[in-house]
Amino acid sequence: MSNEPVSVKSIMTKDVIVAFPDTSLVDAVKVLARHGFDGMPVVDEENMLVGILTEYDLISKGTATHLPTLQKVIQNLGIYHKDKSRFKKDFAELSSLQVKDVMNKEPLILSEDAT
């Protein structure tokens, strides 16, 4: 086993999948789940980093509720199927969230010479 330090460059992904601030949160979560990612960068129209979306960001800050899990639970509740109107407004609000509504707008960026 080598004691050589491992560089980020040697293990990083070069084909990066990104989200845009106005990407639907539901769509972004589907991408995270499909690829098994814990997070992804959020970029603007010029591909400049403006934030990062992580699984932690998907936890409602005030309630510690994982939003995608909450959506699935609500959809699977018997009462939801009997009377969707009771949940329509809340579910519409959850479904209308965009990446910019929950992303971390101040991701830590390490420079090449950081130790």
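Here is a walk through the structure above, from the whole chain down to a few single residues.

Start with where the model comes from. This is a predicted model, where local features need pLDDT of at least 70 and side-chain atom pairs count only at pLDDT 80 or more, while totals for chains, interfaces and linings use all residues. Residues are numbered from 1 along each chain as its sequence is written, and side-chain values use heavy atoms, with hydrogens and water left out.

How much can you trust it? The score to look at is pLDDT, the predictor's confidence in each residue, from 0 to 100. The protein averages a pLDDT of 76, and 65% of the residues score at least 70. Confidence is highest in β1, at 93, and lowest in helix α4 (residues 78–82), at a mean of 57. Where pLDDT is low, the predicted coordinates should not be read in detail.

Now the overall layout. The protein has six helices and two strands; these are DSSP runs numbered from the N terminus, with helices being H or I of at least four residues and strands being E of at least two. Read from the N terminus on, the order is α-α-β-β-α-α-α-α. Of the 115 residues, 22% count as buried. Buried means under 20% relative accessible area, exposed means over 50%, and partly exposed is in between (1.4 Å probe, protein chains only). As for contacts, meaning heavy atoms within 4.5 Å, take those with a separation of 6 or more: residues 24 or more positions apart account for 50% of them.

Let's zoom in on helix α2. Its buried residues are Leu25, Ala28, Val29, Val31 and Leu32. Seen down the axis of α2, they fall within an arc of 155°, so they line one face of the helix; the arc is that of the directions from the helix axis to the C-beta atoms. The general idea behind this is that an α-helix has 3.6 residues a turn, so residues three or four places apart point the same way. On the other side of α2, Ala33 and Arg34 are exposed.

The ends of this helix are worth a look too. Serine 24 caps the N-terminal end of α2, with a side-chain oxygen 3.2 Å from the backbone nitrogen of valine 26. That is a polar contact: a pair of N or O atoms within 3.5 Å, where, within protein, one must be able to donate a hydrogen and the other to accept it, and residues adjacent in sequence count only if both atoms are side-chain atoms. Just after α2, glycine 36 takes a positive phi of about 70°.

Which residues does alanine 28 touch? Not counting residues up to four places away in sequence, alanine 28 touches Thr23, Met40, Leu53 and Val99. Alanine 28 sits in α2 (residues 25–35) and is buried, with a relative accessible area of 2%. Although alanine 28 and valine 99 are 71 residues apart along the chain, their C-alpha atoms are separated by 7.2 Å. Valine 31, in the helix as well, counts as buried at 18% relative accessibility. Leaving aside neighbours within four places in sequence, valine 31 is in contact with Ile17 and Met40.

Next comes the loop between β1 (39–43) and β2 (49–54), where you'll find aspartate 44. Aspartate 44 is buried yet has no salt bridge, which would be a side-chain nitrogen of Lys or Arg within 4 Å of a carboxyl oxygen of Asp or Glu. The nearest side chain of opposite charge, lysine 100, is 13 Å away (Lys and Arg count as positive and Asp and Glu as negative; His and the chain ends are not counted).

Finally, follow the chain to aspartate 57, in the loop between β2 and α3 (67–76). Aspartate 57 counts as buried, at 7% relative accessibility, and a polar atom of its side chain lies 2.8 Å from the backbone nitrogen of threonine 54. Among the contacts of aspartate 57 is Ile52. Isoleucine 52 belongs to strand β2 and is partly exposed, with a relative accessible area of 28%.
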